[in-house]
Amino acid sequence: MPDAVVIGAGPNGLVAANLLADAGWSVEVLEEQPEPGGAVRSDRGVHPEYISDIFSAFYPLAAASPVLADLELQQEGLIWSHAPRVLAHPLADGRCGLLERGGEETAAGLDMFAAGDGAVWLALCETWNRMGPDIVNALFTPFPPIRPAVRLAARLRTAGGLRLARSLLLPARRLGEEQFRGEAGRLLIAGNALHADLAPESAGSGGFGWLMSMLGQAYGFPVPVGGAGSLTSALVTRLERRGGVVRCNERVSEVVVRAGRAVAARTVGGESVPASRAVLADVSAPALYGGLVDARYLPGTLLDDLVRFQWDFATYKVDWALSGPVPWTAQEASTAGTVHLADGVDGLTRFAAQIVTGHVPDRPFLLFGQMTTADGTRSPAGTESAWAYTHVPHRIRGDAGEDGLTGVWDLREQEAMADRMENEVERWAPGFRSRIRARRLLAPPTLQTMDANLHGGAINNGTTAIHQQLVFRPTPGAGRPETPVKGLFLASAAAHPGGGVHGAPGANAARAALRGRMSSALLSRAHGALNRRDRNTA
């Protein structure tokens with residue numbers, strides 16, 4: 001009987017399993033899909049000569065994560081690679097906003113748009129230099145992050161106090177307008193905020209956009225050499241060397257609860273896999289509560305709160321095998337791993353507004369990835385392995401474009417959406433479509449079929465908006481990995497600190513399981529000592 005069963009072999013589940021194995025626990029990981037990795041996988045499914053990342057691709061949070069750093073995955077063969085530039089946002093006039101690896105270089109580019117914007121950027125960088133390490137520690141520490149929060153509070157007082165706090169809570173549009181006279185600085189903040197589901201007018205989107213910009217500048221947007229699957233392979237190899245077991249094609253249908261404690265995971269095949277110490281679930285909150293765990297074991301308030309659980313935007317993704325580099329009009333974009341495509345901040349606002357009103361955007365904002373630019377192993381020399389994703393509503397009420405998309409996502413709708421995205425790329429890179437050798441379409445239902453945590457194509461396991469963060473994630477009062485069922489821990493991005501590949505939810509769950517076991521052992525010993533004392537007294 002293993003000490004722990006982990007449900008789901010995504011990055012958080014694998015991190016949790018590794019930490020438990022490091023502590024000497026025997027661990028069995030059950031994965032529904034034919035291979036481990038969750039949303040961190042790659043293949044040659046678009047073209048046999050091209051490696052394509054199926055889901056996630058760039059990993060600034062992984063590079064910044066002390067959780068992953070402590071695992072020393074380089075010893076398992078993981079190598080990171082970087083594009084010459086982090087991020088580009090082409091403009092219609094041929095200019096290009098650029099996020100570089102150095103603050104001075106980024107600032108010089110911003111000054112080309114408006115004199116003085118470079119100095120503003122360097123001031124934002126100085127704020128990051130003072131506060132960044134404590135922000136990272138707070139993000140990746142179990143909630144509440146008391147020590148990092150105390151240090152942050154002290155630094156906040158010396159960095160402008162309430163004025164800085166106000167700036168970080170601003171919507172991205174307002175922060176950009178207050179800080180920058182030129183368009184490039186505003187686009188870096190607002191575009192990076194939309195890596196989550198934070199529109200330019202969303203409270204806190206300015207702070208999130210600043211955070212992602214600073215992470216990109218400090219750590220880059222690195223990629224694993226050989227594909228995203230190399231990161232998963234390193235995690236699995238490390239776990240197996242410590243005696244852990246990963247079983248694929250094993251869908252879990254139930255967490256078995258006895259006397260208020262999780263004691264096993266039951267598969268759809270009827271096998272009950274026992275856990276002597278803990279069950280950790282790298283699954284979404286709605287899938288766990290009232291799904292894997294029967295509602296009779298859960299408080300009614302939790303189930304009521306889950307009715308109001310909000311998913312992040314649905315996602316539509318296209319992978320391409322290109323015969324040559326993308327022919328950007330703004331040539332600087334050819335050196336960036338990630339390219340944002342939208343008509344300024346107004347275009348981002350229009351895009352987000354169409355989604356929240358239930359309409360498929362007619363001019364979708366694209367996050368475009370140039371993987372061979374970032375890692376030369378991804379495709380033959382002189383070619384490009386590329387992808388782009390955009391967001392669409394979960395419940396589609398109409399199509400802002402002319403294709404009559406309804407959200408059934410049959411072949412016609414999938415092709416029409418991909419064509420719409422390619423036409424958008426053509427606006428910034430005329431001749432792009434002539435270089436397509438092959439493409440793969442990943443509609444929201446397809447993404448969910450390939451990874452159940454990507455519900456309806458939502459890639460962050462719940463909205464990043466402030467009403468569902470910290471103590472409110474995934475529901476009010478549930479900011480920690482412990483659940484109402486003893487011995488059961490939520491180990492997915494549905495828990496604090498949320499989405500992104502950084503391993504923190506898995507690490508937090510593993511530490512909570514270890515802490516709980518130690519507390520139980522201490523309590524048992526204390527009870528034993530009291531009983532012996534009582535017997536001696538008698």
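Predicted model: local features only at pLDDT ≥ 70, side-chain atom pairs only at ≥ 80, totals over all residues.
Local features need pLDDT of at least 70, and side-chain atom pairs count only at pLDDT 80 or more, whereas totals for chains, interfaces and linings use all residues. Residues are numbered from 1 along each chain as its sequence is written, and side-chain values use heavy atoms, with hydrogens and water left out.

Five strands form an open sheet in the order 9-2-1-13-21, with parallel pairing. Strands (E, at least two residues) and helices (H or I, at least four) are DSSP runs, numbered from the N terminus. Two strands pair if DSSP finds at least two bridges between them. Strand 9 (245-247) and strand 21 (488-490) each have a single partner strand, so one side of each lacks a neighbour in the sheet. Neighbouring strands are turned by 20° against each other on average, direction ignored. Strand 13 (residues 278-281) runs parallel to strand 21 and is joined to it by three bridges. Ala 281 has Leu 490 of strand 21 as its bridge partner. Helix 1 (residues 11-22) packs on the sheet and touches strand 1 (4-7), strand 2 (27-30), strand 9 and strand 13. Its direction makes about 170° with that of strand 2. Axes are lines fitted to C-alpha atoms, for helices over the stretch in contact; angles run from 0 to 180 degrees between N-to-C directions.

The axes of helix 5 (residues 117-139) and helix 10 (residues 205-219) come within 10 Å and cross at roughly 90°. The two helices are therefore roughly perpendicular (65 to 115 degrees).

His 391 is found in strand 18 (residues 384-392). At 4% relative accessibility, His 391 counts as buried (under 20% relative accessible area, 1.4 Å probe, protein chains only). Its side chain reaches the backbone oxygen of Ala 314 at 3.0 Å. Beyond four places in sequence, the contacts of His 391 include Leu 194, Phe 351 and Ile 459.

His 502 lies in the loop between strand 21 and helix 18 (504-537). His 502 is also buried, with a relative accessible area of 2%. A polar atom of its side chain lies 3.1 Å from the backbone oxygen of Gly 499. Leaving out residues up to four places away in sequence, His 502 touches Leu 61, Ala 62, Ser 65, Val 67, Leu 68, Phe 140 and Pro 497.

Conventions
Buried < 20%, exposed > 50% of the residue type's maximum accessible area, 1.4 Å probe, protein only. Polar contact = N/O pair within 3.5 Å; in protein donor to acceptor, adjacent residues only side chain to side chain. Contact = heavy atoms within 4.5 Å. Parallel < 35°, antiparallel > 145°, perpendicular 65-115°, else oblique.
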